[in-house]
Amino acid sequence: MGYQKPAWLEALYTQKFFVGCSYHENAKKNEKNVCCLDCCTSICPHCLPSHRFHRLLQVRRYVYHDVVRLEDLQKLIDCSNVQAYTINSAKVVFIKKRPQNRQFKGSGNYCTSCDRSLQEPFIHCSLGCKVDFVMKHYKDLSPYLRTCNSLQLSPDFLIPQETVDEEMTRSTIVDCDEPMSSCSGSSGSENNMSMSCTEIVRKRRSGWSTVCAKFMANSNNKVSDEDMATSMSRRKGIPHRSPLC
């Protein structure tokens with residue numbers, strides 16, 4: 001196992017990022033900027049619902065090269081001696097090599113693979129350079145790999161609004177089925193109220209969350225029509241015409 005690179009690492013090298021997603025070619029913001037470490041493939045934000053329980057690594061763009069956050073990468077592999085750069089207040093590491101031809105070398109540190117000038121005390125300019133250095137000299141990458149069972153996207157990751165709306169609608173309808181099944185043996189009025197909730201959730205998710213919360217708090221209490229109307233119009237009030245003077 002030490003001689004073989006993990007599959008997720010090969011995916012970071014070989015998968016193409018910041019290209020259009022073939023599965024969502026007609027959607028907006030369909031650039032592939034996430035690497036699913038469990039599927040070993042690049043995905044776009046619209047693919048996230050299908051990978052919600054997988055380890056996800058966001059790939060960013062810096063000076064026309066793919067980079068990842070140092071904080072995320074350190075959970076997967078030892079990144080010591082790899083020079084990091086700061087973008088948007090976050091330290092990032094280049095994924096691939098960035099060869100630089102130099103006829104003459106001055107004093108200072110240089111990358112072990114790319115001959116790129118580096119700051120002290122770094123000796124690798126990218127993750128790829130370190131991996132190649134370790135494999136060449138030690139023939140074993142396993143001491144540098146770290147166990148990571150869960151890796152989620154950072155809070156600043158932007159998910160398209162249409163993807164959020166679709167996922168929230170799907171999850172809310174599924175949640176609504178549970179109180180309906182639990183009330184199957186209750187009175188007819190409660191069954192009718194549950195069916196009303198199903199119709200409400202298809203129209204306005206915010207209204208459903210308020211009504212369903214009241215119902216689940218006390219299953220014996222009935223939710224009045226007034227509560228439903230208030231919930232449904234919570235975001236926008238009913239316009240009233242001002243009196244004529």
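User: What makes the order S4-S5-S7-S6 an open sheet?

Analyst: In this predicted model, 4 strands line up as S4-S5-S7-S6, with antiparallel pairing. Strand S4 (60-62) and strand S6 (85-87) stand at the edges. Each has a single partner strand, so one side of each lacks a neighbour in the sheet.

User: How are neighbouring strands of this sheet turned against each other?

Analyst: On average by 55 degrees, direction ignored.

User: Why are S6 and S7 called paired?

Analyst: Pairing needs at least two bridges between two strands. S6 and strand S7 (residues 90-94) have 3 bridges, in the antiparallel sense. S6 and S7 therefore count as a pair. Within it, Thr86 stands opposite Lys91 of S7. Tyr85 stands opposite Val92 of S7.

User: What makes S5 a partner of S7?

Analyst: The cut-off is again at least two bridges. Strand S5 (residues 65-69) is joined to S7 by 3 bridges, and the two run antiparallel. S5 and S7 therefore pair. Arg69 has Val92 in S7 as its bridge partner.

User: What lies between S6 and S7 in their hairpin?

Analyst: There are 2 residues between the strands. Asn88 in the turn has a positive phi of about 50 degrees.

User: Why is S7 called mostly covered?

Analyst: Buried means under 20% relative accessible area. In S7, 4 of its 5 residues are buried. S7 is therefore mostly covered by that cut-off.

Methods
Residues are numbered from 1 along each chain as its sequence is written. This is a predicted model: local features need pLDDT of at least 70, side-chain atom pairs count only at pLDDT 80 or more; totals for chains, interfaces and linings use all residues. Side-chain values use heavy atoms; hydrogens and water are left out. Axes are lines fitted to C-alpha atoms, for helices over the stretch in contact, and angles run from 0 to 180 degrees between N-to-C directions. Buried means under 20% relative accessible area, exposed over 50%, partly exposed in between (1.4 Å probe, protein chains only).
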